[in-house]
Amino acid sequence: MLPTRSRTEVGAGRLDWLSLTFLLGAVLLCYYLVPLVSLVVTQPPGTVLERLTTPDVTAAVRTSVLSSTVSTALATVFGLPLAYWLARTEGRLSALVTALVVLPLVLPPIVSGMVLLSVVGPNTPLGSAATAAGVPLTRSLAGIVLAQTFVASPFVVVTAKAAVESVDRSLEYASRSLGKSRWTTFRRVTLPIAWPGILAGITLAFARAIGEFGATIMLAYYPRTMPVQIWVSFTTLGLDEAFPIAVVLLGVAVATLVVINVLGSSPLE
């Protein structure tokens, strides 16, 4: 007969293993935390606030907030119906559409910008027609919105899809059996239950849009968003001048995490 281990020995073994995993993971946590703390404490708050009131920075903040709001609204209006369709259909077509939705998430942002330029660039039929109509799709606010929507909208679709899939379909069947339409069922049953997860995705999309750099700089160097202004400040004036705007973006990221945690629904789960 094999000797049995006492509960104390088993508990000690688990404790040692847990301690080891924490110590190894703590190295990565420090790698995350130290640069963030350094960003915040490198410069005095007064210096940061003074830099934030300069015209170029305030203009970048306004442009980023406006464009990110518009792109997030577009992502929600068009992404939520797509998410619902994906959550309630199966088959090869659904799998193909899901792959297309996820594709912008895995593309390098610069490549995303190149892809968009091939469609809306000034030398393309669509870009030329838009410019002739007085609505240029590059070097404009419209170009920023196009870039941000491309890279941020998948977060709405993927997260909303997961949220809708988590809704018990028997509740929808019950609503339909009472004579309610699919739209009414979605509005009164599915949406209220899935809303925390959907809102988490919308929040994440806004944060992704406001921090977008690669695709944006390809389509619209002007007007400058906060990430573009950070790059310009860094390349022309040095790292110290870029810190204040980076602190703003860090604040947006932290606020996003707070909202998602309050909602209790993480898009990554």
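**Note on helix packing, cores and loop residues**

1. Thr-149 has its place in helix H7, and in this predicted model the residue counts as buried, at 18% relative accessibility. The cut-off that matters here is under 20% relative accessible area, so Thr-149 falls on the buried side of that limit. When neighbours within four places in sequence are left aside, Thr-149 is in contact with Ser-71, Leu-74 and Pro-154.

2. Helix H7, residues 141-165, packs against helix H4, residues 92-106, at an angle of about 135°, and the two axes lie 8 Å apart. Angles over 145 degrees would count as roughly antiparallel and those from 65 to 115 as roughly perpendicular; H4 and H7 are therefore oblique to each other. The crossing in which H4 passes H7 is left-handed. On the H4 side the contact is made by Thr-98, Val-101, Val-102, Pro-104 and Leu-105, while H7 contributes Phe-150, Val-151, Pro-154, Phe-155, Val-157, Val-158 and Lys-161. By class, the residues of this contact of H4 with H7 divide into 10 nonpolar, 1 polar and 1 charged.

3. H4 also packs against H3, here at an angle of about 140° and with the axes 10 Å apart, and the crossing of H3 and H4 is likewise described as left-handed. Leu-82, Trp-85 and Leu-86 of H3 make this contact with Leu-93, Ser-94, Val-97, Thr-98 and Val-101 of H4. The residues involved divide into 6 nonpolar, 2 polar and no charged. Thr-98 and Val-101 of H4 are listed in the contact with H3 and are listed again in the contact with H7.

4. Trp-85, whose place is in helix H3, deserves a separate comment. At 34% relative accessibility, Trp-85 counts as partly exposed. Trp-85 and Ile-193 are 108 residues apart in sequence, and their C-alpha atoms are 17 Å apart in space.

5. Which residues have the most contacts inside the largest nonpolar core? They are Ala-194 and Ile-198, in a core that has 21 residues. Helix H3 (55-87), H4, H7 and helix H9 (182-210) each supply at least two residues of this core. Ala-194, with neighbours within four places in sequence left aside, is in contact with Ala-163, Val-164 and Val-167. There is also a second, separate core of 14 residues, which includes Ala-60, Ile-210, Ala-242 and Phe-243. As general background, nonpolar side chains tend to be buried together in soluble globular proteins.

6. The packing of H8 and H9 has an angle of about 150°, with the axes 10 Å apart, and H8 passes H9 in a right-handed crossing. From H8 the contact draws on Leu-171, Glu-172, Ser-175 and Arg-176, and from H9 on Arg-182, Thr-185, Val-189, Thr-190 and Ile-193. By class this contact of H8 with H9 has 3 nonpolar, 3 polar and 3 charged residues.

7. Lys-180 is placed in the loop between helix H8 (169-177) and H9. Is Lys-180 buried, partly exposed or exposed? With a relative accessible area of 38%, Lys-180 is partly exposed. Apart from neighbours within four places in sequence, Lys-180 is in contact with Ser-175, Thr-185 and Arg-188; of these, Ser-175 and Thr-185 also take part in the contact of H8 with H9.

8. Arg-139, found in the loop between helix H6 (125-132) and H7, has a positive phi of about 50° although it is not a glycine. Arg-139 is exposed, with a relative accessible area of 55%. The other is Pro-223, in the loop between helix H10 (214-219) and helix H11 (226-237); a cis peptide bond joins Tyr-222 and Pro-223, with omega at about -10°.

Notes:
Residues are numbered from 1 along each chain as its sequence is written. This is a predicted model: local features need pLDDT of at least 70, side-chain atom pairs count only at pLDDT 80 or more; totals for chains, interfaces and linings use all residues. Side-chain values use heavy atoms; hydrogens and water are left out. Axes are lines fitted to C-alpha atoms, for helices over the stretch in contact, and angles run from 0 to 180 degrees between N-to-C directions. Helices (H or I, at least four residues) and strands (E, at least two) are DSSP runs, numbered from the N terminus. Angles under 35 degrees count as roughly parallel, over 145 as roughly antiparallel, 65 to 115 as roughly perpendicular and the rest as oblique. A crossing is left-handed if the near helix is turned anticlockwise from the far one by less than a right angle, and right-handed if clockwise. Contact means heavy atoms within 4.5 Å. Ala, Val, Leu, Ile, Met, Phe, Trp, Tyr, Cys and Pro count as nonpolar, Asp, Glu, Lys and Arg as charged, and the others, Gly among them, as polar. A nonpolar core is a set of buried Ala, Val, Leu, Ile, Met, Phe, Trp, Tyr and Cys residues joined through side-chain atoms within 4.5 Å. Buried means under 20% relative accessible area, exposed over 50%, partly exposed in between (1.4 Å probe, protein chains only).
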